[in-house]
Amino acid sequence: MRPLTEEETQSVFEKLAKYIGDNIKLLIDRPDRNYCFRLHDDRVYYVSEEIMRKATNIARENLISIGTCIGKFTKTRKFRLHITALDFMAPYAKSKIWMKPAGEQSFLYGNHLLKSGLGRITENTPQYQGVIVYSMNDLPLVFGATSRSTQDCRQANPTDIVCFHQAGFGEYLRSEDTLT
């Protein structure tokens, strides 16, 4: 377990900024306690500084996980967010999409969100913007990227894709063993 390098930090923050914008600082300087990002076995963990200090007493080879794994670095050193980051990103999301109950199952299975499954969308959401996708009951389910702007969604056909699937709870259930 070690702190992120400058390049790793930039890569993680750029990915998070797609979804939560400048609210990244709220993830680190929280009112309850301070949090930090740590790297262990190519995975980035979001952990409180108090727990991180206690974990330094554990040998590196004996440490499996610490805090919440928010993503990992691929072999090409690109950062990929995991669905486990959703709970931390959802309260700070800049753009949101709410989907109808009829479209939830298909989207959770990894398919893209069609216009027919779109309930509502945040005003002035640009094309290819990172969004948090909610159920109509305000439960964050998935994160993805818009394929159309808010204005383009209004004129779209019911079979047109409005949001690309990136990660969701369905992924967590299908590949739970590889996420930790």
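User: Which residue does a polar contact of 3.5 Å join to arginine 30 through their side chains?

Analyst: A polar contact is a pair of N or O atoms within 3.5 Å; within protein, one must be able to donate a hydrogen and the other to accept it, and residues adjacent in sequence count only if both atoms are side-chain atoms. Here the partner of arginine 30 is tyrosine 46, at 3.5 Å. The side chain of arginine 30 also makes a polar contact with that of aspartate 32 (3.1 Å). The model is predicted: local features need pLDDT of at least 70 and side-chain atom pairs pLDDT 80 or more, while totals for chains, interfaces and linings use all residues. Residues are numbered from 1 along each chain as its sequence is written, and side-chain values use heavy atoms, without hydrogens and water.

User: Where is arginine 30 placed?

Analyst: Arginine 30 lies in the loop between H2 and S2; helices (H or I, at least four residues) and strands (E, at least two) are DSSP runs, numbered from the N terminus.

User: Which residues touch the most other members of the largest nonpolar core?

Analyst: In soluble globular proteins, nonpolar side chains tend to be buried together. A nonpolar core is a set of buried (under 20% relative accessible area, 1.4 Å probe, protein chains only) Ala, Val, Leu, Ile, Met, Phe, Trp, Tyr and Cys residues joined through side-chain atoms within 4.5 Å. In the largest, of 26 residues, they are Leu16, Val44, Met89 and Ile132. Helix H1 (6-20) is one of the elements that supply at least two residues of this core, and H1 gives the most, with 4 residues.

Definitions and conventions:
Buried < 20%, exposed > 50% of the residue type's maximum accessible area, 1.4 Å probe, protein only.
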